[in-house]
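Please have a look at the sequence and the coordinates before reading on.

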Amino acid sequence: MAKKLPEVDVVLVGLGWTGGILAKELSEAGLKVVALERGAPRTPQEDFSLPRIRDELRFSSRNDLTQNTQRDTLTIRNNPSQDALPMRRLGSFLPGEGVGGAGAHWNGVTWRWNDTEFKIRSRYEERYGKKFIPEDMTIQDWGITYAELEPYYEKFERTAAVSGKAGNLRGRIENGGNPFEGARNSEYPLPPLNQSLACDMFTAAAKDNGYHPFPRPVANASRAYTNPDGSKFGPCEYCGFCERFGCEANAKGSPLITVIPIAMRNPNFELRTHSWVTKVLKDPSGKKVTGVTYTNTLNGEEYEQPAGMVALTAYAINNVHLMLLSGIGKPYDPVAQTGVVGKNYCYQTGAAATLFFEGRQFNPFMGTGGLNVGMDDFHYDWNFDRAPHGFIGGYNVAGGMTHGRPISYRPLPAGTPQWGKEWKAASAKWYNSAMIISSSGSVMANRYNYFELDPNYRNVFGAPLMRMTFDYKANEHRMGEHAANVINRIAKSMNPTLMNPATARTEPWSVVPYQSTHNTGGTIMGTNPGNSVVNKYCQSWDCHNLFVLGAGVFPHNSAYNPTGPVGALAYWTADAIKNRYLKNQAPLVSA
Amino acid sequence: MQGMQSKIVLAAALLALAGGVNAADVKRGQKLFEECAACHTHERGAQNGVGPNLFGVVGRKAGEVDEFRYSPAMKRSGIVWSEQDLDAYIADPQAKVPANRMPFSGMPDARDRADLLAYLLSALK
């Protein structure tokens, strides 16, 4: 029998970026806030200091900052005709776990998604006609606009110390930035990072080919910085241990050096770690939630934590799982095409070429999470005509390396033996003389890419695992081929000594090799309860005192990394709760 | 005579150097300290961050701030921090104390260091 604890105003399930932002904002508004984090406590002082944080085997090969699949995982299959099997090791994506969440070990790339995404269906229908969108492509408008979110992007960028160059300042196109981005009200809080040789060579080649390269915006502080909340950042040291690692120099935008320590100093806020939420509880009417049950993973004790409001702020996939386990909202059924919880799971796709330049020294070990030059000519340039190419969405191309770590960075010409003397010789010859051009592509929602509870497998708490059904569709294959052609054209124009060309991913998706941690959908946002789980304030249509944050609310996936809108939506939701919901506890959008 | 002359020259040079230090720009040094402030506090009794609290660093033996977990290299260094030691350490931390674990690649510009130290010394008094 779970021990019932005294009621609090707000329970947060998970303490990464979204939980941290709500923890700070809502405790400052006078609410009693408790965060329940399933993983371990963590601070940069204790956990990210040298030399222990530069342990590639521990943190990268063995994923020390991420979810433990022995306790909970997903089952995976490509299509509904297959039997799904549990993912017993992390591979394709790396959900964060522990205080700070994925915000501790991300690269920091921070984009502003705009109306290209938020109005996707209406914009494509308007330009290309309704028939251009395949029948099984379940994309939809989100119900939010870039103009509404712009101030919150700015707030998040200032919190997280984003370095970059504006390409569109209040409608004026700026040299050196991304000319296709949405209009910004202000410059980035910090100038771009120092560019590497690979960045400079890609920039020149992209320009020669008529494209518009720019330094990617990234929450790696290019110089010392104090954010508006007084959190101090050191300058990035280009150590090359960024993604999969905590930052040793307090230079990466992380909730652990910004919103979380501020909340921790507030007596209204309490953090309980090793606290695994098993269910969100509803009242008998089913119109409100009343709190959560959770298990202390250290001793197995169970608790009920009553709360006036619950926010799901865990990793996107885990938020979806908790909704399904709690029976909130109607589960999605791809055959009947009813229900919404679990709908529109999306991923990303990509292609990459490796270019070898005999005699050039790239020094890839001097890297950081965002040390790349990007170009958006086939993504946010709406003038790029998709009709001849037959795909919806787009891809971003980037040149440069983010690290040159000894285990995982091993550029070798195709055909090099996988071990032995020749492998060693080629490793030594090319380690410092190669560079990479890659693409990151969007994935459009599809009727048959979704989540549901698995009928066969259970986690360590006895609850059903969640089943993921996912594969790339023809839309993504066509886009991948277009991307590979563009990458190879740019690469060839640079006259490398040797080159491993980019190829499109057309084989079935595999969960084994690492690809991207940008999982989206399942608790999607939309304009009405029939097409979505939450309204544009991330508020549940079913239970108005339940908020679901994170990338699970995205109805489809962009080519862009998700953390920009994840952070902006957290600030936007915090404001909606503080300024509107507390005054009138009711749906913020009428159904 | 020859010896006396060279002593005078040396004294003049030292004076000039001292003048240089005095002329250091404390305000500029405060700005430069922002590079350090993400990890180091310098107020009396302030908490250690990723790096140790710097209050009273001059004249202190390296590796002795309470509750801070130093690298073996720093503990073994035997340094009793003088201004010259600090200047050399900030210029190139890994050259001065090899294998220490401060993640800072150094401040190569002598004037930057002079200003930074001028600020630190004034702030630490």
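## Ground rules and confidence

This is a predicted model, in which local features need pLDDT of at least 70 and side-chain atom pairs count only at pLDDT 80 or more, while totals for chains, interfaces and linings use all residues. Residues are numbered from 1 along each chain as its sequence is written, and chains are lettered from A and ligands numbered from 1 in the order in which they are written.

The model scores ipTM 0.76 and pTM 0.94. Chain B averages a pLDDT of 83 (the predictor's confidence in each residue, from 0 to 100), and 81% of its residues score at least 70.

## Helix H8 of chain A

Helices here are DSSP runs of H or I with at least four residues, strands are E runs of at least two, and both are numbered from the N terminus. Helix H8 of chain A has twelve residues (197-208), which should span 16 Å at 1.5 Å a residue, and its end C-alpha atoms, 17 Å apart, agree with that. The expected span is 1.5 Å times one less than the number of residues.

Among the buried residues of H8(A) are A:Met201 and A:Phe202 (buried: 20 or more other C-beta atoms within 10 Å of a residue's own, placed from the backbone). Just after H8(A), A:Gly210 takes a positive phi of about 90°.

## Where the chains meet

Twelve residues of chain B are in contact with 16 residues of chain A (C-beta atoms, placed from the backbone, within 7 Å).

Note on methods:
Buried ≥ 20, exposed ≤ 12 C-beta atoms within 10 Å, placed from the backbone. Contact = placed C-beta atoms within 7 Å.
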